[in-house]
Amino acid sequence: MATNTSYMQIPQTLFASIDMGTSSFKLLIIRAYPNGKFLTIDTLKQPVILGRDLSSSCSISTQSQARSVESLLMFRDIIQSHNISRDHTRAVATAAVRAAENKDEFVERVREKVGFEVDVLTGEQEAKFVYMGVLQFLPVFDRLVLSVDIGGGSTEFVIGKRGKVVFCESVNLGHVSLSEKFGTCSGNFEEVLKMREYVRMVILEFGLVEKVKEGGFEVAVGSSGTIRAIEKAVVSGYDRDFVDNVGDFGGCKRDWRLSRGELKGIVERLCCGGDGEVERVRRERFFKRRSEFIVAGAVLLDEIFELLGIEEMEVSGYGLGEGIVADSLAKVFDGYDLNANARWRSVVRLAMRFNNKKRVKAGAQCASIAKDIFEGLRKCDKLYNNQVKLIASFEDKDLEYLEAACLLHNIGHFTSKKGYHKQSCHIIMV
């Protein structure tokens, strides 16, 4: 599509992606445009935890299948409430399903009970989608990127540049599978040591270190929920005795980054945080549902940093789900540009950094309503006020500013509820 195509002439389209992961099922609903603009409308996450079945057998249990169907039926209701077509809905399954002996039975049950056609991704396909998702969030299109995505049953590594995958590998290491194999690892030095040795052994057996170093990379990016949780722990000072629930304003200006030293501080606190019960409660309060697997995830990431020589990792708010939508966009719209609309990506990153999920969702809904009003007004050539004729101009850039304002007007709540609009302006300006 030509770059000078009018923003207002580009159709908005709703897409839904369902990621049936090892630890949880995730629904993502996005309003997307062929010019590369993404706006997350709704998200939902259900802790199905298929990985527990595979630790004791090679099949997905009847109970887990029932939980899966229940979650997917809930997702289907939400998708239908948004009037999203089947052509724009994609359900994919990852490590736990592809490793299960009864995956065909499971996929057929989902088809019969829910009506979703589930695509069981190979590790290479999963890695490619993760990379495509990263490109929708970070301005790294022209750089040689090493993307790391830690899932519940596997970790995907992909090196890419300018939207092309140079190398990808899926390694059978995940935060759920490691937790099941070595226990919770909370405060037990011997368990952590055994897990570290096992992680090193598996990575070295895959020849991953040699392959990555042979191709090289300019920037490392982490895109999974585990990595985002660790980065949030750094910002909030989890490795200190006092955790700031709001976060340090100066720390947030690092803009989605995690250094090796910061990671080590979090790992040390998770593994050697003092009194076991006190630290467990503290960890559950901070990491919530992820607390059961965060030790394994943090140790795994620490070993990846060490083995691959990563000093700093950029953190992406997007991953597999957004990559699936990007792939769908490329099929629906000819000439879809993975590197389009860099300015909009910066708005989304800022909104997600300083807003919680509830405010991000409210901002997206506000932007949708504002867009509908804007488009209605734009159809009018003339406006009237007290019988006085007014000439109004509604240009493409005006709508983009309006939608950005909707997403960012609440970010000042990060520092103070009083006068938050002034704080919002301050954050945007700095």
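Predicted model: local features only at pLDDT ≥ 70, side-chain atom pairs only at ≥ 80, totals over all residues.
**Around Lys-288 and beyond**

Lys-288 sits at 57% relative accessibility, so it counts as exposed. Although Lys-288 is not a glycine, its phi is positive, about 55 degrees.

Lys-288 also belongs to a positive surface patch, together with Lys-45, Lys-232, Arg-285, Arg-289 and Lys-357. Of these, Arg-285 lies in helix α12, which covers residues 276–287.

You'll find Ile-49 in the loop between β3 (38–46) and α1 (51–56). Is Ile-49 buried or exposed? Its relative accessibility is 11%, and since buried means under 20%, Ile-49 counts as buried.

Leu-377 is part of helix α16, residues 357–378. Leu-377 counts as partly exposed because its relative accessibility is 34%.

Finally, turn to helix α5, which runs over residues 123–135. Its 13 residues reach 19 Å from first C-alpha to last, close to the 18 Å expected at 1.5 Å a residue. How many residues of α5 are buried? The count is 10 of 13, so the helix is mostly covered. Among the buried ones are Phe-129, Val-130, Tyr-131 and Met-132, along with Glu-126. Gly-123 and Leu-135 are on the buried list too.

Note on methods: Residues numbered from 1 in each chain as written. Heavy atoms only, no water. Helix = DSSP H or I, 4+ residues; strand = E, 2+ residues; numbered from the N terminus. Buried < 20%, exposed > 50% of the residue type's maximum accessible area, 1.4 Å probe, protein only. Patch = residues over 30% accessible without salt bridge, like charges linked within 9 Å, V, L, I, M, F, W, Y side chains within 5 Å. Areas by Shrake-Rupley, 256 points an atom, 1.4 Å probe, with all protein chains shown as cover. Salt bridge = Lys/Arg side-chain N within 4 Å of Asp/Glu carboxyl O. Lys, Arg positive; Asp, Glu negative; His and termini not counted. Charge placed at Lys NZ, Arg CZ, Asp CG, Glu CD. Expected span 1.5 Å × (residues − 1).
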